[in-house]
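Please report on selected side-chain contacts, ring pairs and strand pairing in the structure below.

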Amino acid sequence: MAAEAPLTGVGWAAAPDAAPAGWTVITATVEGAAAQLGKGFGHKGGGYLCVSTGGAQGSVVTDVQVLSDRSPQPAGYTRAPEFPELRTGASRKKRVYVRLVPLDAAETAVFDLKLSSKSKALPQYMKIGEMGNFAIWCKKETLKKSSPTPPPRPRSLSGGLKQLSLQSPQSPAAQGSVRRASPHESLYDANVYGLSAMDGVPFTLHPKFECKLGAGSNALFADLNVKSLADIEKEYNYAFVVERTAAARLPPGVC
């Protein structure tokens, strides 16, 4: 049965208990025979192929090759590790090479490795070579990568601005264009919406005037001189007499 995760390593174990933690030893062929490789592979007692599926992090095995000891090492491939390490001077008639590619860069990967007799054919598996009396097969599949999470869509502020508006959507003032305030306008001047910049600002009396306001006292307002609009216009009326006289004396071409 093929593994659910891609292989992250292929190695060689001298015995079933020689593989380190995280590695699975292939101890039987698809026919059920012992998958112990012969002495010609470099160990007197034979050995076993083993694989690892150490999660989906890091690199994955994208290809496996079985070559003779006289063949050069393929570019981009590494020699399969051995457990324990091969002793110095030991010979190998066949060598296993694996190609490791980072998971993010890999499109396909090896998901399973099986051994069979040389006359056996395994559907959906690709034969990668022979070793001793066995044929070695691998199964490749396309990696299923999760789609990147799309960035969150910007929230529309139109609904929130309508709720904050002091005018109803049907009012003529709300349908008019927004006018920028002139720098000479007072904060208390009303705009086209009938509002001023000070609308909504809470009014607070300065603390130094609070002492003059006792319960029911109007002492603060007694000093105030209330003027009518006519009084104000009369007091600050300016007829521009000097300017008009000066303008009348200028030559016609200047004016």
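## Surroundings of T29

Leaving aside residues up to four places away in sequence, T29 touches A34, A35, L115, S116 and F134 (contact means heavy atoms within 4.5 Å). This is a predicted model, in which local features need pLDDT of at least 70 and side-chain atom pairs count only at pLDDT 80 or more, while totals for chains, interfaces and linings use all residues. Residues are numbered from 1 along each chain as its sequence is written, and side-chain values use heavy atoms, with hydrogens and water left out.

T29 sits in the loop between strand 2 and strand 3 (48-52). Strands are DSSP runs of E, at least two residues long, numbered from the N terminus. Is T29 buried or exposed? T29 is buried, at a relative accessible area of 9%. Buried means under 20% relative accessible area, exposed over 50%, and partly exposed in between, with a 1.4 Å probe and protein chains only.

The T29 side chain also makes a polar contact with the side chain of E31, at 3.1 Å. A polar contact is a pair of N or O atoms within 3.5 Å; within protein, one must be able to donate a hydrogen and the other to accept it, and residues adjacent in sequence count only if both atoms are side-chain atoms.

## Aromatic pairs

The structure holds two aromatic pairs. Rings of Phe, Tyr and Trp (its six-membered ring) pair if their centres lie within 6.5 Å; planes under 30 degrees apart count as stacked, over 60 as edge-to-face and the rest as tilted.

| Pair | Centre to centre | Angle between planes | Class |
|---|---|---|---|
| W23 and F83 | 5.1 Å | 65° | edge-to-face |
| Y238 and F240 | 4.7 Å | 75° | edge-to-face |

W23 belongs to strand 2 (residues 23-25) and F83 to strand 6 (residues 82-83), so their pair ties together parts that are 60 residues apart in sequence. W23 is partly exposed, at 22% relative accessibility. F83 is buried, at 16%. In the other pair, Y238 is partly exposed at 47% relative accessible area, and F240 is partly exposed at 43%.

Three strands form an open sheet in the order 4-7-5, with antiparallel pairing. Two strands pair if DSSP finds at least two bridges between them. Which strands are the edge strands? They are strand 4 (59-68) and strand 5 (78-79), each pairing on one side only. Strand 4 and strand 7 (residues 94-102) run antiparallel over nine bridges. D63 stands opposite R99 of strand 7.

Technical notes: Helix = DSSP H or I, 4+ residues; strand = E, 2+ residues; numbered from the N terminus.
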